[in-house]
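The structure is shown below.

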Amino acid sequence: MKKMLLILSSLIFLGGYAYAEINLGAIFSVTGPASYLGLPEKQTLEMLVDEYNKAGGFKGEKINLIVYDDKGEDAEARKKFLRLAQNDKVITVIGPTRTGPSLAIKDEAQKNSIPLISCAASKVIVHPVNKFIFKTPQSDELAVEKIYEYLQKNKNKKVAIITSQDGFGDTGRNALLAEAKNYGIEIISDERFKDTDKDMTSQLSKIASKSPDAIICWGIGPAPAIVAKNYKQLNIKAPLFMSHGVASKKFLELAGSAAEGMYLPAGRLTVVDKLSDKDKYKPILMDYKKKFESTYNQPVSSFGGYAYDAFMLFKLALEKGGKDKEKIAEALENIKNYVGSTGTFNMSKDDHNGLGKESFLMIRVKNNDWEIVE
Amino acid sequence: MKKTNKLYLIFLIVFLSVFYFLVENQFYRSIVIYVMFNAINASLLNILFGYAGIISLGQAAFFGIGAYTTGILTVHFGINPFLTILIGAFISFVVAYIVGFPTLKLHGHYLAMATLGFGMIVYILFNEFTDITGGPSGLVGIAKLSIFGILIDDESKFYIFFSVIFVGFSILLELFDKSFYSYKLKFIKESESASKSFGINVSKVKLIVFATTSMFSAVVGSLFAFYSGFISPVSFSLKYSIDLFVMATLGGLGSITGGTLGAALLTVFPELISNFEDYEMIIYGSLLAIIVMFFPQGISGLIKKMLGKYVRS
Amino acid sequence: MQFFYSGLTSGSIYALVAIGFNIIYNTTGLINFAQGEFVVLGGMLMYTTLTILGLPVSVAFLVTFIIMFIVGVVFEKFFLRYVKLKTETNLIAITIALAVIMRGIAMVIWGRDSLAVPPYIEDKTISVIGGSMNSQSILVIIVCFFVAIILSSFFKYTKYGKAFRACYDDQTAATICGINVNMIRMLSFAIASLLGALAGAIIAPITFVTYTDGIMAGLKGFAAAIIGGLGSFWGGLFGGFALGVIEGFFAFVLPSGFKDAFAFIILLLILFIKPTGLFGKKKAVRV
């Protein structure tokens, strides 16, 4: 037993430890229910680190990237964070993919004084502000405001929402309910679905019976595609809005013609080839898209973009603050006007996300492709 | 039997203290802490399943009831942490008693489904009462426990605290194993009608053992909430109930060390294979399959066999 | 009324999985925790044969069935049969282990994204009294009944079907009567796997297929089988539809977040009133 433990612990010890390199840690949901989000994040990060090292690294020192899988579970994320902090001696951690695991390691990041750049959306991650905690995705509030502004302009007042019963849908629902008052919008129906559900006509027919001006669906993965199909099946007239969570080619493939005419707020990465050449984001986005698609031979996803920004922020902070963890955190907090894949980051003492509303565009599905509305 | 069990307890104490002094790495300590959490839960399931024959796939729910009671009461109401442990234990006992009353009359797969269904209901409640549970995104800001004026706020302090609890629990288990009660349970598992004819009130005995183990689960759940400082429903899902079932089975059903051995193996092993990335699931599944196929008495059976050469039991 | 049709659509999926559980239960008395994984693999194989390889639908089905038949055979012959001590617990544990392995393999081969399989019949909305249904869902419902009819008459009337049932009742006696118990057990897994594949294949155009789907499919299918009573195909069919409609109903009348909770409460109530499900038979217990 003891001998076995010795062997076991030495095995853990051997895993990914190297000298005279900069150790960068990452935790993503590479398996489990959110794995279709975690994988592009991991791939993006690996690609960028590889590129950075080939270009000479940081003052000749290479970045050694260590990625662990949290399986979408809190306890796993916590274990993996401690492993990165204690065994791999990383100077920064990128990830986790989802809100729950991010919150689960918040305390540990502070205790170990390791900067954490989360790729999860919830506002709670950076509110209240913690010296070491940052995040790259836009808060759901911004996406909600974008939709509500659009509804307000079109004089739509009565809104029905249907949200998924997971972390993504839940933060979206909270934002939808909280922001409604500010835009003079009344939520007349508040329905939920599980992300494993196979038919939502029951909820949708209930919504239809209350004749709303618009329907907003907040979810991620295959379930929203089923919502779109059922919406078409029931022949509902009110326009359908979705979240930025479905802004992917994959969604169009799943929903097919059912997605036609649907609106959603999305980051620029989704519609990069339709942006005007004057758009300041276009060069970065095109560059990322080309690199990713040629390396992995699959379409780029906006979730990968979160990891892209996380690495770029880390790079900026590293170049400014050096290898010291506290200095990296300070440098991250002072990043201004960094044009990333999601938007322009203006970090400050009170805002560890630093993105504004301009990071979202309103888009519509036309001919099974995206079209920029505004 | 007696001798090996005493040896086991001594080994446990020696291991936990030697480990503490030799290994300062917080990660390794945290792994041992997680092993102990899983070990207690798996051992409790082992009592239910291995001794009394009550198959329960809803144990994560009671673990969650403890954790959420502590979480909600400390976050929203600022109630004394120690008190929340007791309240959680009480709620869990009462819930188990009420649920157990009709449920434990079921048998086999029907009982498995009923407990599983109960687990699902509780899981959905954790998810849906967002105002008090924080919903799927979880509950932040759970207070820390303090004992004799010492705030247990890092891995090392929690390690010491929890090791003491764990050793205490193991001694209790050992006492239980030797008690008349455990034989009574095994007798019921062997044949319900025979034990009835011996004058045992089968349904009452089952109900008490179900409610008691659930109560212990809730206590551990409260401690889990203090330890993580954050809880979300993921930790109390069906997956955890099934993990516990697998731990108890692989460790060795009906053996007092079974739960702990199974928990140790299945908590440590995934850390070893995490470098295999995409193939991790396949390797993990294969390990389970091999143990089930070739070591019928679980790991504890294997170790007993090996020890049997040296120690006369 | 729409909730009823919604319930039928999801219910038909539960029913097909429940019937798969019953096939194995009827010969071995076991619950196969990997039944949901059979469904996933079926859907994914259809994706490969139809979308990637571009085979005609009939060939695609045939290829999928053959592969899944073999998977079922391997499942029993190389894993279950070699479990040293065949207690019920050990056998259930090995199906859990195999489910994890199959999920892992599906992830490595097909990746993490959901896959869309093209519809087999023209995709259109059909109006029914008080609501509407998708043509694919109606196809699934018809297949459900078809499967239940075939299986229950096979088990009831044919010589082989009786052999399957004999194995469930008493393996030793069945062996004495000259029934090759091992062969029957193997076949039951192969048929269950094939049926899982059929379920996965026909529901894939409606629900897509993701490697993690097996867990939920298995859980709901198990619940449906229990409601109907283990061992009865018609019970499984009824249980599936009942579970689907109950969920649809509660999603309609209550805040929909609680629909699953209420569905499980109904399930518990059914069990408290009838401890062996609605149409279940009780296995005689030796005292």
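What pLDDT does chain A average?

## Confidence in chain A

The model is a predicted one, and chain A averages a pLDDT of 88, with 95% of the residues scoring at least 70. Residues 14-19 of chain A stand apart from this picture in that pLDDT stays under 50 over them, and the model has 6 contacts for this stretch beyond four places in sequence. Where pLDDT is low, the predicted coordinates should not be read in detail.

## Packing of α1 and α5 in chain C

In chain C, helix α1 (residues 2-28) packs with helix α5 (residues 135-157) at an angle of about 20°, and their axes lie 9 Å apart. Since angles under 35 degrees count as roughly parallel, α1(C) and α5(C) are therefore roughly parallel to each other. Their crossing is left-handed.

On the side of α1(C), the contact is made by L8(C), T9(C), S12(C), A15(C), L16(C), I19(C), I23(C) and N26(C), while α5(C) contributes S137(C), V140(C), I141(C), C144(C), V147(C), A148(C), L151(C) and F155(C). By class, this contact of α1(C) with α5(C) comprises 12 nonpolar and 4 polar residues, with no charged residues.

## The interface of chains B and C

Between chain B and chain C, 34 residues of chain B are in contact with 38 residues of chain C. On the side of chain B that touches chain C, α5 (108-128), α11 (238-251) and α13 (280-294) each supply at least two residues, and α5(B) gives the most, with 11 residues. By class, this side of chain B has 24 nonpolar, 7 polar and 3 charged residues.

Note on methods: Residues numbered from 1 in each chain as written. Chains lettered and ligands numbered in written order. Predicted model: local features only at pLDDT ≥ 70, side-chain atom pairs only at ≥ 80, totals over all residues. Axes fitted to C-alpha atoms, helices over the stretch in contact; angles between N-to-C directions. Helix = DSSP H or I, 4+ residues; strand = E, 2+ residues; numbered from the N terminus. Parallel < 35°, antiparallel > 145°, perpendicular 65-115°, else oblique. Left-handed = near helix turned anticlockwise from the far one by under 90°. Contact = placed C-beta atoms within 7 Å. Nonpolar A, V, L, I, M, F, W, Y, C, P; charged D, E, K, R; others polar. pLDDT = per-residue confidence, 0-100.
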